[in-house]
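Subject: Structure handover

Hello,

Here is the structure I promised to pass on. My notes follow below it.

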There are 2 protein chains.
Amino acid sequence: MTERISPRSGVAVVLPRGALLTVIDPEGGQVSDMLAVCAEDPAEILSNGRTFDYEETLRLTLGARLWSNRSRVMLTIVEDTAPHHDFLLTPCSFDTFRHFYPDKPLHRGCFGNLAEALAPYGVEPDRIPAAFNIFMNVTISPDGKLAVLPPQTKPGDLIRFRAEMDLVVGLTACSAYASNGGTFKPIDFMVEQPF
Amino acid sequence: MTERISPRSGVAVVLPRGALLTVIDPEGGQVSDMLAVCAEDPAEILSNGRTFDYEETLRLTLGARLWSNRSRVMLTIVEDTAPHHDFLLTPCSFDTFRHFYPDKPLHRGCFGNLAEALAPYGVEPDRIPAAFNIFMNVTISPDGKLAVLPPQTKPGDLIRFRAEMDLVVGLTACSAYASNGGTFKPIDFMVEQPF
């Protein structure tokens, strides 16, 4: 029942309302960028700002809800064994590779992988916002400085979401050096349909 | 040369590349939500996530650049006398009024004001992301909790931006109770054209 996302790639998953989506870090230390759109209208899309508005925290874990740009709940976190996730940063892309890794080979990154996976569902690249970056370890200093550190996840750490509307979800195994400590690993996921 | 935005309203300002936009809190304690789109193609829009990516801080002040969803610099902060701004939260709206102020009269808020001001320039409401919330005082606790406190701006505090591309900018005088301590005040702004 578990499916695997190869290193530096992405998939789209159709998730009916009530379905459970479990995202697993099989080896530890890897990130998965997740983006959700309403299956009926992909102009309704995950919003970090609306989520921060209503959840009133940056630390989104068990019980937290992820909200859309239309102020509707898309997903609820129903289980979470991981020490951290991030909802501040946007998916890595050709542009972020040029900026952060000018001496490394270019890669389309999670942005390109999400754009390709979600294109058949009507999601335009320009509409891809900050993703919910599962297992990503972003620290905030008292002066506001952000740092991307290797994830502290252990093999088998997982987060489980319940879909609160019919969704199409894009999921990646992250492609950037900083977010996974320079080791590109797979991500596993599992969908349980509603009864 | 200074123009005034009435309490709880908004305007759109056309800003050629090189122009300076100064936003002033004339009475102190007020917030102005700012959204920028590329004048040539409004699908290119301000992005909090891309800005956090490249500026590597939540504390955006003198010298910081505000980036678009296409990884291009839209605005540079060239002067800033204010103690804080916010780029985490989305503009107040009918939905946020229902959620946070169920006993108060409904208001379309900064979201509705930005949507109306920017509609003639081709900006769809669904594309309105987190605005750059000038003078907004959002605190982050060590556990990630967010709190919206009254701005600590003094009368005359200002922020000045240089446009790094041809832009249309939406600007409001904020409508929400929490962000300005329940006092709805005007916002002043000034545009200086490039030579």
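**Asp143(B) and its loop**

A polar atom of the Asp143(B) side chain lies 3.1 Å from the backbone nitrogen of Lys145(B). Please keep in mind that this is a predicted model. Asp143(B) sits in the loop between S8 and S9 of chain B. Leaving out residues up to four places away in sequence, Asp143(B) touches Thr57(A) and Arg59(A). Its relative accessible area is 48%, so Asp143(B) counts as partly exposed. The cut-off for exposed is over 50%.

**The largest pocket**

The largest pocket has a volume of about 860 Å³. It is lined by 35 residues, and those closest to its centre are Leu58(A), Ile140(A), Ser141(A), Leu58(B) and Ile140(B). Two elements give two or more residues each to this lining: strand S8 (137–140) of chain A and strand S8 (137–140) of chain B. S8(A) gives the most, with four residues. By type, the pocket lining divides into 18 nonpolar, eleven polar and six charged residues.

**The cavity**

How many cavities of 30 Å³ or more does the structure hold? It holds one. The volume of this largest cavity is about 340 Å³. Its lining has 24 residues. Nearest the cavity centre lie Arg127(A), Ile128(A), Pro129(A), Arg127(B) and Pro129(B). Eleven of the lining residues are nonpolar, eight are polar and five are charged. Which element gives the most to the lining of the largest cavity? That is helix H1 (residues 48–55) of chain B, with three residues.

**Helix H1 of chain A**

Now to H1 in chain A. Helix H1(A) covers residues 48–55 and is mostly covered, with eight of its eight residues buried. Among them are Arg50(A), Asp53(A) and Glu55(A). Phe52(A) and Tyr54(A) are buried too. What covers the buried residues of H1(A)? From chain A, the cover includes strand S5 (65–67). From chain B, it includes H1, helix H2 (94–100), helix H3 (109–118) and strand S9 (146–149).

At the N-terminal end, Ser47(A) caps H1(A), with a side-chain oxygen 3.5 Å from the backbone nitrogen of Gly49(A). Following H1(A) comes Glu56(A), which has a positive phi, near 60 degrees.

**Strand S4 of chain B**

Strand S4 of chain B spans residues 32–38. Seven of its seven residues are buried, so S4(B) is largely enclosed by the rest of the structure. Ser32(B), Met34(B), Ala36(B) and Cys38(B) point one way from the strand. Asp33(B), Leu35(B) and Val37(B) point the other way.

S4(B) is joined to two strands of chain B. Three bridges link S4(B) to strand S7 (residues 132–134), and the two run antiparallel. Five bridges link S4(B) to strand S11 (residues 167–172), again antiparallel. Met34(B) takes part in both pairings. Its bridge partner in S7(B) is Phe132(B). In S11(B), Met34(B) stands opposite Leu171(B).

Is Thr22(A) buried or exposed? Its relative accessibility is 1%, so Thr22(A) counts as buried. The cut-off for buried is under 20%. Thr22(A) lies in strand S3 (residues 20–25) of chain A. Its side chain joins that of Arg160(A) through a polar contact of 2.7 Å. Setting aside neighbours within four places in sequence, Thr22(A) is in contact with residues including Leu158(A), Ile159(A), Asp188(A), Phe189(A) and Glu192(A).

Arg162(B) is found in strand S10 (residues 157–163) of chain B. At 34% relative accessibility, Arg162(B) is partly exposed. Its side chain makes a polar contact of 3.0 Å with the side chain of Glu164(B). Not counting residues up to four places away in sequence, Arg162(B) touches Gly18(B), Ala19(B), Leu20(B), Met74(B), Leu75(B), Thr76(B) and Val78(B). Pro194(B) is 32 residues from Arg162(B) in sequence. In space the two are 9.5 Å apart, C-alpha to C-alpha.

Best wishes

Conventions:
Residues numbered from 1 in each chain as written. Chains lettered and ligands numbered in written order. Predicted model: local features only at pLDDT ≥ 70, side-chain atom pairs only at ≥ 80, totals over all residues. Heavy atoms only, no water. 1 Å grid on protein atoms, 1.4 Å probe; cavity = no way out; pocket = protein on both sides within 12 Å on 5 of 7 lines; lining within 4 Å. Points joined across faces, edges and corners; volume = space filled by probe spheres on them. Nonpolar A, V, L, I, M, F, W, Y, C, P; charged D, E, K, R; others polar. Buried < 20%, exposed > 50% of the residue type's maximum accessible area, 1.4 Å probe, protein only. Contact = heavy atoms within 4.5 Å. Polar contact = N/O pair within 3.5 Å; in protein donor to acceptor, adjacent residues only side chain to side chain. Pairing = 2+ DSSP bridges.
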